[in-house]
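Hi,

Here is the structure I promised to pass on.

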Amino acid sequence: MSAARLAIAIATLPAMGALAACATTPDSAYPSLGVREAEYESGEFPRPTGDCAPDGPAPVTGQFEPTDPVAPPPPPPPVLSADLAERVGQLEEQARAAHADFEKAVPATRAAVRGSGSVGSKAWGRAQVAYANLESIRARTAIPFADLDSMLAIRSVDGEPVEAVAKAHAEVARLIAEEDAILNELAPAN
């Protein structure tokens, strides 16, 4: 054997070993590495024809599993618990009740501020007291707002539903803004 033939034989030896490893019998524990029918049908491999067509048993058939399994439907959006929804409603109602008291007190405060006299007079004192009363009612509106504010922040961070809380929060903020505008308008001169 010449040196060139020996070199070729040595070079092809690993390829022959690899091919021999792939040739397994049907009784083998390993699956065939042959092209499967589904691979022909998908067009991934051309079907052999003529002299290249395999002789023997029919090709293996089966189905491919989808590579991307169908994702399960997303979970339903979380809802506000009944207890929390009730609490939000109570806080909004407390703010509305305080705002109604504020609106009832505005005419008397407006009259007292308009009629206030010089600093230290009885009329001035009445105006100061009426204005302080109006501020205290505004504080009663702000207490539920603070609770709603905390509730909104905590629920947002926890990823819980906040739509109902945010709606009540915005409504109470609107009431407080109205009250602040009236207080700025009626602020008595010192």
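**What I found**

Among contacts in the protein chain (heavy atoms within 4.5 Å) between residues at least 6 apart in sequence, 70% join residues at least 24 apart. Before you read on: this is a predicted model, where local features need pLDDT of at least 70 and side-chain atom pairs count only at pLDDT 80 or more, while totals for chains, interfaces and linings use all residues. Residues are numbered from 1 along each chain as its sequence is written, and side-chain values use heavy atoms, with hydrogens and water left out.

**The overall picture**

The protein chain has five helices and zero strands, so its elements read α-α-α-α-α from the N terminus on. Helices here are DSSP runs of H or I with at least four residues, strands are runs of E with at least two, and both are numbered from the N terminus. Of the 190 residues in the protein chain, 22% are buried. For burial I use relative accessible area: under 20% is buried, over 50% is exposed, and anything in between is partly exposed (1.4 Å probe, protein chains only).

**Helices 3 and 5**

Two packed helices are described by the angle between their axes and the distance between the axes. For helix 3 and helix 5 the angle is about 10° and the axes are 10 Å apart. Axes are lines fitted to C-alpha atoms, for helices over the stretch in contact, and angles run from 0 to 180 degrees between N-to-C directions. The two helices are therefore roughly parallel to each other. (Under 35 degrees counts as roughly parallel, over 145 as roughly antiparallel, 65 to 115 as roughly perpendicular and the rest as oblique.) Residues making the contact include Val-88, Phe-102, Val-106 and Thr-109 of helix 3, and Val-165, Val-172, Leu-183 and Leu-186 of helix 5.

Helix 5 covers residues 163-186, and its end C-alpha atoms are 35 Å apart, which agrees with the 34 Å that its 24 residues should span at 1.5 Å a residue. The expected span is 1.5 Å times one less than the number of residues. Buried residues in helix 5 include His-169, Glu-171 and Glu-179 as well as Val-165, Val-172 and Leu-186. Helix 3 and helix 4 (122-158) are among what covers them.

**The nonpolar cores**

A nonpolar core is a set of buried Ala, Val, Leu, Ile, Met, Phe, Trp, Tyr and Cys residues joined through side-chain atoms within 4.5 Å. The largest one has 13 residues, and Val-88, Leu-148, Met-151, Val-165 and Val-172 touch the most other members. Helix 3, helix 4 and helix 5 are the elements that give two or more residues to this core. A second, separate core has eight residues, including Phe-102, Val-106, Ile-137 and Leu-186.

Thr-109 sits in helix 3 (residues 82-114) and is buried, at 2% relative accessible area. A polar atom of its side chain lies 2.9 Å from the backbone oxygen of Ala-105. That pair is a polar contact: N or O atoms within 3.5 Å, where, within protein, one must be able to donate a hydrogen and the other to accept it, and residues adjacent in sequence count only if both atoms are side-chain atoms. Setting aside neighbours within four places in sequence, Thr-109 is in contact with Ala-130, Tyr-131, Leu-134 and Leu-186.

**Along helix 4**

The 37 residues of helix 4 should span 54 Å at 1.5 Å a residue, and its end C-alpha atoms are 54 Å apart, which agrees. At its start, a side-chain oxygen of Ser-121 comes within 3.2 Å of the backbone nitrogen of Trp-124. Just after helix 4, Gly-159 has a positive phi of about 75°.

Asp-147 lies in helix 4 and is partly exposed, at 32% relative accessible area. Ile-143 is in helix 4 too, and counts as exposed at 54%.

Cheers
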